[in-house]
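User: I would like to learn how to read a model of this kind, feature by feature, with the general idea given before the particular case.

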Amino acid sequence: MKASAFAYARPTSVPSALELLVAYGDKAKVLSGGQSLMPAMNLRLISPEFIVDIGELAELRGIVVKGDVLTVRALTRHVDVLRSPEIATHAPLLRDATSHVAHPAIRNRGTLGGSLAHADPASELPACMVALGATVIVCGPRGERRIPAQEFFTGIYETALSPQELLVAVELPVARKDSVHFFHEFARRHGDYAIVGLAAQSTIVDGQFTDLRLGFFAVGDRPLLAGAAGKLVNVAVTPEVLANASAVLGEELDPQEDQQATPAMRRHLAKVLLQRCVSTLLSRADLQSGVPAR
Amino acid sequence: MTRKPANRDAFSVLDRPNSYIGKTVPRPNLDRLMQGRGLYVSDIELPRMAHVVFLRSPHAHAKITGIDAAAAERMPGVIAVVTGQEIAVVITPWVGVLSHLKGLKSAPQSAIAVDRVCWQGEAVAAIIATSRAAAEDAAEHISVAYEELDAVTDMQTALDPTTSVIHPALGDNLAFERNHDAGAVDAAFAASDEVVEAEFIFGRHTGVTLEPRSVVADWNSAEGRLTIYQGTQAPHMVQNIAALHLGLQESQVRVVCKDVGGSFGIKVHVYADEMATYALSKLLRRPVKFVADRVESFNTDIHARDHRCKGKIGVKRDGIITAFEIDDLTGIGPYSMYPRTSAIEANQVVNLVGGPYVTKNYRARARVVFQNKNVMCQYRAVGHPIACSVTEGLVDLAAMKIGMDPVEIRRRNLIADDAYPCASPSGLRFEQLSHHAALAKLIKMMDYDALRAEQAMLRAKNIHRGIGIASFIEVTNPSAAFYGVGGAKISSQDGVAVRLDAQGAVVCQTSITEQGQGSESLTAQIVGSVLGVSMDRVRVILGDTDNTPYGGGTWASRGAGIGGEAALQATKVLRKNILDVAAAILQSSPGDLDIVSNSVVNVSDGAPRIELSELARIVYFRPDTLPPGIQAELMATRHFVPREYPFAFTNGVQASWLEVDTDTGFVKLLKHWVVEDCGTIINPQLVDEQIRGGVVQGLGAALFEKCVYDERGQLTNANMADYLVPMSGEMPDIDIGHVVSPTMESELGAKGAGEAGTAGAAAAVTNAVNDALRPFGAIITEIPLTPQMILTALGRI
Ligand SMILES: Cc1cc2nc3c(=O)[nH]c(=O)nc-3n(C[C@H](O)[C@H](O)[C@H](O)COP(=O)(O)OP(=O)(O)OC[C@H]3O[C@@H](n4cnc5c(N)ncnc54)[C@H](O)[C@@H]3O)c2cc1C
């Protein structure tokens with residue numbers, strides 16, 4: 001379990017980092033917190049020839065609020081997210097989700113940019129980006145691109161990033177005063193990647209959803225912004241309405257089989273999450289048992 | 001039949017002034033380990049030391065038709081590439097059988113596979129290089145041609161005539177079979193009001209030590225001596241085996257065991273890659289280091305527990321259990337492990353089922369079969385979790401069938417506390433157990449009735465909690481009956497030497513070993529207490545075949561009971577020798593003197609007479625001032641092995657309180673209780689933490705841990721992300737209580753406590769889950785209990 005030999009550079013500006021990425025193309029790998037990259041290298045699942053360590057790029061650090069936009073730069077560590085008052089105020093969903101990411105030792109090093117670039121379909125953070133309607137900002141030799149989160153994640157460990165590009169930040173709309181969120185995941189152990197999870201953001205007026213964004217994760221090859229939410233918005237939610245939404249959700253999902261769960265189990269757990277999310281957000285205990293969990 | 005221990009009344013270590021026995025004192029090795037100043041094998045660097053990496057088979061069963069290492073040999077840093085055939089010149093193969101396990105058979109196993117690989121992960125070549133990284137680079141350039149063979153993976157079909165035989169010379173895939181029939185089983189079942197049957201399935205899992213297996217072997221050709229630095233539980237066993245297979249005398253092999261990062265039975269065996277490392281050092285005439293990485297740990301550290309056991313219990317309407325019957329099947333991989341063999345776990349299952357209960361009607365069959373998977377062997381609580389889960393699962397099913405409370409059925413069937421000595425249905429002899437006292441204490445600690453009331457109240461709110469109880473017995477302090485009688489050179493006795501040094505401090509050499517249990521601490525506590533010196537004056541040396549008495553080491557919950565008694569006896573002799581000299585110096589008589597707080601004192605008034613440091617000064621530097629004829633012996637050695645009982649059985653009972661989310665199948669452990677009787681408690685904290693650690697490993701088996709093989713014999717979760725070890729976040733608080741029934745076989749009275757936690761934890765959890773699922777009519781008898789299984793049992797997916 002030793003990585004094979006590689007060359008290493010620690011550029012001090014984004015342009016020089018980009019130069020290296022252009023020069024080495026897909027032989028290079030960006031190193032951020034290293035919490036996903038290093039294990040993969042040590043297991044020799046990948047053997048990049050060149051490592052571009054972006055840890056010194058000061059311009060990729062920081063959390064800024066400007067008007068209605070919360071900008072979280074790529075090198076923001078999971079622990080920074082947990083401790084940030086800006087995130088607690090303007091994107092509490094992201095804070096809740098991050099507390100489920102791994103363990104303190106990993107959160108002290110792992111970064112938001114690294115997590116999004118890594119694009120593990122079972123990760124909490126890509127789903128938050130989708131639920132929050134984030135814009136991913138990437139920088140490449142031809143300048144900056146702004147990519148809506150839903151278009152950024154393209155498959156298992158696949159994103160719209162090219163090997164010559166750096167993810168530099170995400171922009172999130174600041175949470176509205178009347179918005180509420182829900183985060184829950186099912187994992188065998190604290191800190192594990194989820195079997196199924198849900199990051200949801202909503203606005204509720206007079207006991208009805210006026211907006212509901214359901215970001216499911218670990219249910220397919222990328223985070224899923226569930227269309228089933230449409231069945232729950234601007235209607236009085238009854239057990240029948242919820243059951244209908246649940247059925248629609250079941251149709252949308254294309255979960256994978258792994259050692260933790262069969263597709264049927266994932267589908268079932270996603271529906272349980274939907275039910276718990278809706279009943280929690282609407283404070284409606286009567287919806288708890290309203291949906292046949294089957 | 002129980003003899004009174006010699007002069008327990010005249011001299012008791014338990015009630016001496018300033019005794020450390022029964023006290024929680026910090027371990028002497030704590031600061032060293034906490035400050036990162038421990039010395040593990042991977043810390044050892046020797047001049048000219050090379051690193052070995054093993055290229056391992058990707059196939060479960062295949063012929064090796066060619067190995068081309070030319071490219072690898074040319075890689076930078078590579079010293080040699082060695083194949084099975086080449087290493088066979090310096091090391092002979094072995095067969096893991098013991099003569100007392102009648103009929104046990106196995107095939108010769110080589111340090112590195114020759115011609116054929118029998119499991120995915122078996123080494124096919126060794127790459128020796130200047131660093132591990134360089135060796136791993138080179139390993140990628142070795143090409144091995146394989147011709148895949150049928151892999152035998154399913155133990156249930158391993159004995160079918162249509163299944164290929166892994167070792168044709170053995171005739172079939174049956175490694176061992178044991179049958180036992182006691183009492184009148186058929187008649188008992190016929191006379192029962194209810195007979196309940198179930199099949200219990202146990203996942204294969206492994207020990208996952210924090211520090212992987214590691215060895216530095218250093219052949220000094222000038223001395224003709226091999227020094228083996230290894231994290232092992234049994235240094236003298238390793239010495240014997242290494243010498244035997246390398247064609248050396250034991251005196252030519254020294255085994256040094258410094259700090260060890262966890263063992264749990266994983267490090268009590270001799271593995272092929274370790275043997276290969278010894279041999280490579282001899283072959284290459286230089287030190288060679290092998291440190292298993294996590295992936296190869298999963299693929300080669302022994303696995304355990306892969307059992308399918310059919311069980312049957314008969315019960316009368318009044319709760320009296322009439323008989324137990326089991327039929328156990330286990331698959332052990334392609335070889336019986338060396339030198340302890342892989343038949344022991346199944347043998348233990350037969351020994352232990354029904355053990356806590358009165359009924360004498362018991363029939364058992366156990367079959368052990370070969371498979372093309374990693375080897376299986378003894379891991380913490382060998383066989384106990386299987387026997388306990390089967391027994392306690394059956395008892396709960398019987399209780400459910402007749403509508404009796406699980407505690408009540410146990411009360412009616414556990415062997416009475418005043419019925420000892422007696423024997424189990426499998427013929428094991430019990431000196432003194434305390435099932436009823438333990439159960440009564442447990443019920444009180446957990447407030448059983450209140451929990452039952454809470455459970456009923458929550459059920460009405462659709463919250464499903466369960467209570468699970470599991471009584472158990474544990475084999476500890478094994479005599480030669482375990483291995484010695486079967487011809488294995490594994491000592492069941494241990495020795496301790498104690499010496500007063502020139503400043504009145506004590507050096508103590510013991511043959512038991514330390515892997516985190518606290519062997520060092522308990523030895524120092526005993527020596528300090530018996531001698532009358534403070535613990536900080538006692539230095540304990542362990543883990544070095546050149547520098548300790550000969551002995552078994554630390555396994556099978558034997559360190560405190562056997563090594564501790566040897567320490568006690570040796571220290572008594574030293575104490576007597578010191579008092580003899582003191583009497584001569586002080587013109588007093590030994591009977592009027594004692595040693596308290598590092599000084600010789602008067603028995604009568606406790607007045608200090610001479611400090612030990614002063615006494616030592618006189619003995620070592622001014623012996624001329626001693627009266628004529630006095631030769632002081634300030635060093636004493638004693639050995640101990642239990643002779644009357646083959647094992648010192650302990651007993652206990654565990655309870656689990658948990659909640660099942662019936663929508664998701666997730667289990668939340670809320671609380672766990674253990675009441676345990678290990679006899680004399682030397683250090684309460686060490687005992688409690690042994691039990692807690694053991695419980696955690698049992699909870700891992702119950703809910704998380706499983707080596708998942710596919711049908712082709714590929715281990716598919718050989719990493720820490722997919723193999724789920726139990727972690728603190730999921731662990732409940734574990735409350736521990738004790739009943740104390742000392743063994744009369746030793747003056748110390750200590751039995752073992754290392755495996756009790758693991759023995760019963762999974763049984764308690766499974767019973768609790770089934771208790772929670774009762775309103776749904778679902779019963780699960782397979783572990784690990786996964787959310788997927790629970791949802792399936794509930795018919796929700
Ligand atoms: C034991 C363990 C448990 C974990 N559990 C979880 C969990 O429950 N949930 C979860 O979400 N994650 C989990 N993780 C992963 C962790 O959150 C990682 O930190 C994260 O996935 C990657 O972030 P990183 O900064 O470490 O990225 P790195 O490991 O440095 O990089 C990951 C990948 O992204 C690329 N990359 C990194 N930064 C950039 C950038 N700015 N631009 C372009 N490409 C970039 C790298 O080249 C690499 O391919 C776990 C990790 C471990 C070790």
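Analyst: What follows takes up the ligand, the contact between the chains, the salt bridges and a few backbone angles.

Analyst: This is a predicted model, in which local features need pLDDT of at least 70 and side-chain atom pairs count only at pLDDT 80 or more, whereas totals for chains, interfaces and linings use all residues. Residues are numbered from 1 along each chain as its sequence is written, chains are lettered from A and ligands numbered from 1 in the order in which they are written, and side-chain values use heavy atoms, with hydrogens and water left out.

User: Which residues around the ligand come nearest?

Analyst: A residue is counted as near a molecule or strand if one of its heavy atoms lies within 4 Å of it. Here 29 residues are around the ligand, and those that come nearest are A:Val30, A:Gly34, A:Leu37, A:Thr111 and A:Ser123. By class, this shell holds 12 nonpolar, 14 polar and three charged residues, where Ala, Val, Leu, Ile, Met, Phe, Trp, Tyr, Cys and Pro count as nonpolar, Asp, Glu, Lys and Arg as charged, and the others, Gly among them, as polar.

User: Which element gives the largest share of the shell around the ligand?

Analyst: Helices (H or I, at least four residues) and strands (E, at least two) are DSSP runs, numbered from the N terminus. The largest share, four residues, comes from H7(A), and strand E2 (28-31), helix H7 (112-118) and strand E10 (166-173) of chain A each supply at least two residues.

User: What polar backbone atom is 2.5 Å from an oxygen atom of the ligand?

Analyst: A polar contact is a pair of N or O atoms within 3.5 Å; within protein, one must be able to donate a hydrogen and the other to accept it, and residues adjacent in sequence count only if both atoms are side-chain atoms. The atom in question belongs to A:Val30, while a backbone N or O atom of A:Ser32 lies 2.8 Å from a ligand oxygen and one of A:Asp192 lies 3.5 Å from a ligand oxygen. The protein covers 88% of the 960 Å² of accessible area that the ligand has on its own, such areas coming from the Shrake-Rupley method with a 1.4 Å probe, and for residues only the protein chains shown count as cover.

User: How many residues of chain B are in contact with chain A?

Analyst: Contact means heavy atoms within 4.5 Å, and on that basis 33 residues of chain B touch 25 residues of chain A. Buried area is the accessible area (1.4 Å probe) that two parts lose on being put together, summed over both; chains B and A bury about 2,500 Å² between them, 52% of it on carbon and sulfur atoms.

User: How many salt bridges are there between chain B and chain A?

Analyst: Side chains of opposite charge can pair when their charged atoms come close. A salt bridge is a side-chain nitrogen of Lys or Arg within 4 Å of a carboxyl oxygen of Asp or Glu, and the count between chain B and chain A is five. Among them, B:Asp661 meets A:Arg276 at 3.0 Å, N to O, and A:Arg44 pairs with B:Glu136, with the closest N and O atoms 3.6 Å apart.

User: Where is the cis peptide bond with omega near -10 degrees?

Analyst: Most residues other than glycine have a negative phi, and most peptide bonds are trans. The bond runs from B:Tyr338 to B:Pro339, and B:Pro339 is in the loop between strand E16 (321-331) and helix H9 (344-352) of chain B. Phi of A:Asp206, a residue other than glycine, is positive, near 50 degrees.
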